[in-house]
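Me: I have some questions about how the terms are applied to this model. Please set each value against its definition.

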Amino acid sequence: MRTRPTLSYTPVGEPLPWTTDLSGLADVVAECGVVVLSGAGLSTESGIPDYRGASGSLRRHTPMTYDEFVGSVEGRQRYWARSHVGWRTIARAHPNDGHHAVAALCAEGYVAAVITQNVDGLHQAAGTPSVVELHGSLDRVVCLDCRRISAREELDQRLKAANPSFSGTAIRVNPDGDVELADEVVREFQLVSCAACDSGVLKPDVVFFGENVPKARVEQCYQLVDSARALVVLGSSLTVMSGLRFVRHAAKAGKPVAIVNRGQTRGDAYADIRVDLPLGEALTDLARLVDVRCG
């Protein structure tokens with residue numbers, strides 16, 4: 001059974017206190033055994049906007065839902081035309097200082113694993129080895145009929161061949177690789193089927209809004225949280241339950257929970273530490289502080 005998409009939440013009560021002091025977070029990370037849960041806010045400094053920040057795309061853009069994608073050819077045409085353009089921006093994006101700081105903390109043994117809600121692959125590009133892609137990755141494509149997994153670059157070449165005169169230009173790119181295009185441009189876009197089974201519907205290997213995260217992946221994340229000494233959330237509003245449940249799970253188990261984000265989150269009540277700073281700057285400083293404490 002698929003879940004109803006959760007696109008926003010309304011904070012209740014007065015905001016809980018935040019800090020710009022990283023010393024408490026550095027003490028937690030220096031003890032090692034940390035699992036990171038990262039969100040779209042970590043990738044904004046790489047040129048990929050988030051959904052819910054001050055300039056988040058949900059203010060202007062409704063993300064593709066699973067039901068819309070599988071329910072109509074028009075929905076798939078809309079997605080692939082727009083994503084065909086947006087993919088170029090995602091593919092060109094580079095890890096920022098925040099991604100590199102997380103990779104450094106992993107290399108030094110402070111961070112044991114990363115669970116990311118992002119689908120951009122930037123943690124791996126920065127050299128982080130242990131990444132669970134909670135919502136999948138845009139660089140893979142799955143056939144909904146035969147279940148074959150293929151590279152997004154392969155599909156990109158096939159779509160270019162099927163649309164030689166396509167001239168869509170992105171107005172803005174969203175975290176799911178979707179962009180805004182004129183309706184008449186979308187209507188001209190030609191879809192392609194699975195190259196393996198000839199007729200299968202192709203979908204990015206990501207979890208759309210309204211689609212469940214695979215059960216085995218959820219269980220893997222719970223196991224990582226269970227084995228962690230602390231959970232640190234980076235750049236996520238935690239609006240979507242797929243990420244919030246791990247924060248609740250860690251807090252219920254009595255594990256320290258820290259959140260580094262710009263603004264309030266849905267998980268603030270479960271956090272012991274709440275830091276409001278730009279992610280790249282904060283994580284670079286955090287890595288330096290931890291090295292000093294453990295040096």
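Me: What makes the contact between α8 and α9, and how many of its residues are nonpolar, polar or charged?

Reply: On α8 the contact is made by Val 218, Cys 221, Tyr 222, Val 225 and Asp 226, and on α9 by Arg 245, Phe 246, His 249 and Ala 250. Contact means heavy atoms within 4.5 Å. By class, the contact has six nonpolar, one polar and two charged residues. Ala, Val, Leu, Ile, Met, Phe, Trp, Tyr, Cys and Pro count as nonpolar, Asp, Glu, Lys and Arg as charged, and the others, Gly among them, as polar.

Me: What kind of model do these values come from?

Reply: This is a predicted model, in which local features need pLDDT of at least 70 and side-chain atom pairs count only at pLDDT 80 or more, while totals for chains, interfaces and linings use all residues. Residues are numbered from 1 along each chain as its sequence is written, and side-chain values use heavy atoms, with hydrogens and water left out.

Me: Why are α1 and α10 called oblique to each other?

Reply: The axes of α1 (residues 23-30) and α10 (residues 279-294) come within 9 Å and cross at roughly 60°. Angles under 35 degrees count as roughly parallel, over 145 as roughly antiparallel, 65 to 115 as roughly perpendicular and the rest as oblique. α1 and α10 are therefore oblique to each other. The contact joins Ser 23, Leu 25, Ala 26, Asp 27, Val 29 and Ala 30 of α1 to Leu 286, Leu 289, Val 290, Arg 293 and Cys 294 of α10. By class, it has eight nonpolar, one polar and two charged residues.

Me: How do you know whether Ile 48 is buried or exposed?

Reply: Ile 48 has a relative accessible area of 4% and is therefore buried. Buried means under 20% relative accessible area, exposed over 50%, partly exposed in between (1.4 Å probe, protein chains only). Ile 48 sits in the loop between β1 (34-38) and α2 (66-71).

Me: Is His 135 buried or exposed, and what does His 135 touch?

Reply: His 135 is buried, because its relative accessible area is 13%. His 135 lies in the loop between β3 and β4. Not counting residues up to four places away in sequence, His 135 touches residues including Thr 116, Asp 205, Arg 217 and Ser 242.

Me: What makes β3 and β9 edge strands?

Reply: Six strands form an open sheet in the order β3-β2-β1-β7-β8-β9, with parallel pairing. β3 (131-133) and β9 (273-275) each pair on one side only. Two strands pair if DSSP finds at least two bridges between them.

Me: What makes β7 a covered strand?

Reply: In β7 (residues 230-234), five of its five residues are buried. Ala 230, Val 232 and Leu 234 lie on one side and Leu 231 and Val 233 on the other, so both faces are covered by the cut-off for buried.

Me: In which sense do β4 and β6 pair?

Reply: β4 (residues 136-143) and β6 pair in the antiparallel sense over four bridges. Cys 143 stands opposite Leu 202 in β6.

How values were computed
Helices (H or I, at least four residues) and strands (E, at least two) are DSSP runs, numbered from the N terminus. Axes are lines fitted to C-alpha atoms, for helices over the stretch in contact, and angles run from 0 to 180 degrees between N-to-C directions.
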